[in-house]
Each structure stands twice: as C-alpha cells, then as structure tokens.
Amino acid sequence: MGKRIQGIRSYWNKPYHAAYLFILPAAILLLVFNVIPLFASFYISTLDIGIAIDKATFVGLDNYIEALHDSRFLNSIKVTIFFTAVEVPIQMVMGLVMSALLTKNTFTNKLFRSIYFLPIICSATAIGIMFQIILHSNVGIVTYWVRMLGFGKINFLYTPGLTMGVVIAVSLWRTFGISTIILISAMQNVPSDYYEAAYIDGAGKVRQFFSITLPCIMPAFWFLLMTRVIGSLQVFDLIYTLTDGGPNFTTETLVAYVYTKAFDRGSRMGYATAMSEFLFVFIMIITLIQYYVMSKTED
C-alpha cells in the first residue's frame, strides 16, 4: 500500500501530470455549465415541451422546419442582422476616434474615460427603463424639448422606421465606452520609438495613426470586433425593456422572440430552443469567418 501511494504521489508530482489537477476544477465547471447544457439544448429542441417540463413529445426536426416557415422568426433574424450591421461598425469607428483623442494620460482625458465608461457599469435593463422614461411620448424630457423646438410630438419608441435608430443610439451610448478603453490600452502599448522615427521622417499625426497605430492595435481591434458582433447578435435586455420588440415587431431580435416563445403564455420551450440553435450555428459561422480573415490579415 505504501509503495502504491508513493507511486501515485510520484506520478502527480511531475509538472506535466500535476497540470491536469490545476485545470480540473475549471474543466468540471466548463463541462457542467457549458458542454452538458449545449448537448441538452439540442435534445430539447427535438421535443414539444412547455416551461413546466411535465409533458414532452418527441417531434424530431419539426421545430426546425416550423421555424423556417415562421415569418416572425425570419423577421427577427432580419432585425438582428440589421442591428448588428449598423451598431457594430459605428461603435468600432467611435471607439477608434475617441481612443485616439484620449490616449494621453492627462487629467482631462482620464476624466472623460471615466465618464464614457460609466454606462457600461449599469445594467442594460436599468438603462432601457431610464430611456423609456426619457423618451416617453407624454412625459419624456427629450420629447418635450423636441416639441419646444417646433418639431411637434414625436413618439420615439413606437414609430416604425425611427424606433430602431433610437435603439441603436442607446446601445451605442451604453457600450462604446468599453471599446474606447480597450483600444486606448492597445494604443498605449505601441512603442514610442515608432512614432519618434516616423516624426523624424516627416510623417504627420494622421499618417502615424494609419501607418503605425492601426497596424499595431489590430489584435485588440479584431478581438473587440469579434466580441461586439457576438454581443450584438445576442442583444435582448435593452430591447426588451425599451421597446418590447415593437412597434409591429420592427425591433424584435431573435433572442427577444426566443424569450417570448419560451416564457410567455403558451410556452413552447422546445420550439424556442430550436430557434436558439439557429442562432448558435449562425454565430459560430460568423466567428469562424472573422477568425479566418483575422488570421489571413496577420499573416
């Protein structure tokens, strides 16, 4: 017994064996909260089941086929893609411009960094409720100012063609601070020798930005782009509290529709899970494409 214990101890004392013990807790958490739920969701998507999970009927791929013929599901995909295609590029440009302006560690720049970062600390739910009050058609302060300027009464949250722009603007206000901070950190890590050499060669600030700063921060830029695309494709809480998908489902994203089908009256958990699998596959494809482009760009 003593030799066996000694052998086990000797085995795990080796660095490349002991490493598995250190990653074991993280691996268990990943398995329990990510891998198992992922496979469980695929199984649930093949069932006709409600939120109570008391009666379940196996329907195979019927939920997927129904989703492809669901006009509201297809509309939610269109809304999600439109939101992402508009919000992410604007946010990346805003982040680049603001980070370029606030890179130096002056007191004023630090103050503005803190101000711009504050909204990201607040929950999207709280921000959605706040802007719902600010933009309310009867008691909203912004609506009141617009009327005072002579533009009449504008319903920002329930006007087709306008409401999505409002949602995108609120989302940008909330999240561009994190993009700015990440890009500022990347810019501050660019060696100052590069700029000194460029200055001696006669390169101006604009040329230095595009020839030195931008290439050097591309890893952070790609990371930020990938995470922002994934986050935008999963947007839910801000839209749910701000517009609840209205008017006429013009702001209803895919996750919002999944939530409605899963938890509202007449819950269809299996159908909602099937729709979420479409989102999972779509995000995976977009992420792989971005990773491929990123790899080619860095090469």
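## Surroundings of S137

Leaving out residues within four places of it in sequence, S137 makes contact (heavy atoms within 4.5 Å) with T143, R147, K153 and N155. S137 lies in the loop between α6 and α7 (141-148), and its relative accessible area of 15% makes S137 buried, the term standing for under 20%, with exposed over 50% and partly exposed in between (1.4 Å probe, protein chains only). Helices are DSSP runs of H or I with at least four residues, strands are runs of E with at least two, and both are numbered from the N terminus.

## Basis of the model

This is a predicted model, in which local features need pLDDT of at least 70 and side-chain atom pairs count only at pLDDT 80 or more, while totals for chains, interfaces and linings use all residues. Residues are numbered from 1 along each chain as its sequence is written, and side-chain values use heavy atoms, with hydrogens and water left out.

## Helix α5

N109, R113 and P119 are buried in α5, and the buried residues of this helix pack against α4 (71-101), α6 (124-134) and α8 (163-188).

Setting aside residues up to four places away in sequence, M92 touches F221, L224, L225 and R228.
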